[in-house]
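Good morning, everyone, and thank you for letting me take a few minutes of the meeting. Please have a look at the chain on the screen before I start, and keep it in view while I talk.

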Amino acid sequence: MSDENRRDTAQDLESRRIARNSSRQAETNNARIEELERKLGKLSLITEALWEIVASEANYGEPELLQKIEMVVSDREQRLGKKLSCSRCNMLVAASKEKCIYCGAALADKTRSSPFDE
Ligand SMILES: [Zn+2]
């Protein structure tokens, strides 16, 4: 076998290995997407049921619920967009973080918190 043929064979093997890994990765990603879609569907059902309970039992109409959603969106944007300067390294860090992403120091501002923040 010539050097050129040996090189081609090695490249073919490498290409096949990459194709197999890509295919496996795609299968894994598809499985994860399906799981997330299943969870999202379940959360959507739970939310709709809670929405209806609140609307009927708490006598809280759809306009008030929609207004509350707008307030939550606005509060969340403010919380997540807020930046603090780290007291140790002085870098600007999202206030929603517990620790500085650059040096790990705890961030002093505790106004951020919502159980729904990451
Ligand atoms: Zn820092």
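This is a predicted model: local features need pLDDT of at least 70, side-chain atom pairs count only at pLDDT 80 or more; totals for chains, interfaces and linings use all residues.

Residues are numbered from 1 along each chain, as its sequence is written.

Let me begin with the overall layout. The chain has 2 helices and 2 strands, where helices (H or I, at least four residues) and strands (E, at least two) are DSSP runs, numbered from the N terminus. If you read along the sequence, the pattern is α-α-β-β.

How does the radius of gyration of the chain stand against that of a compact globule of 118 residues? The chain has 25 Å, whereas such a globule would be near 13 Å; the radius is taken over C-alpha atoms, and the globule rule is 2.2 Å times the number of residues to the power 0.38. Along the principal axes, the C-alpha trace spans about 80 × 45 × 20 Å. Of the 118 residues, 3% count as buried, and here a residue is buried if 20 or more other C-beta atoms lie within 10 Å of its own, exposed if 12 or fewer, and partly exposed in between, with the C-beta atoms placed from the backbone. As for contacts between residues at least 6 apart in sequence, 8% of them join residues at least 24 apart; two residues are in contact if their C-beta atoms, placed from the backbone, lie within 7 Å.

Now to the helices. Helix α1 covers residues 3-57, and its 55 residues should span 81 Å at 1.5 Å a residue, which agrees with the 80 Å between its end C-alpha atoms; the expected span is 1.5 Å times one less than the number of residues. This helix is hardly covered, since the count of buried residues in it is 0. Helix α2, residues 62-81, has 20 residues and reaches 28 Å from its first C-alpha to its last, close to the 28 Å expected. Why does α2 lie largely in the open? The number of buried residues among its 20 is 0, so it has that open position.

Within α2 we find arginine 76, which counts as partly exposed because it has 14 C-beta neighbours inside 10 Å. Its C-alpha atom is separated by 42 Å from that of alanine 19, which is 57 residues away along the chain.

Next, please look between the two helices. Just after α1, asparagine 59 takes a positive phi of about 55°. Tyrosine 60 sits in the loop between α1 and α2, and, leaving aside neighbours within four places in sequence, it is in contact with Val54, Ala55 and Leu65.

Lysine 82 is in the loop between α2 and β1, and its C-alpha atom is separated by 5.4 Å from that of alanine 95, although the two are 13 residues apart along the chain. In the loop between β1 (83-85) and β2 lies asparagine 90, whose phi is near 70°, a positive value in a residue other than glycine. In general, most residues other than glycine have a negative phi. Is asparagine 90 buried or exposed? With 11 other C-beta atoms within 10 Å, asparagine 90 is exposed.

The segment after β2 (92-94) holds glycine 104, which counts as exposed because it has 10 C-beta neighbours inside 10 Å.
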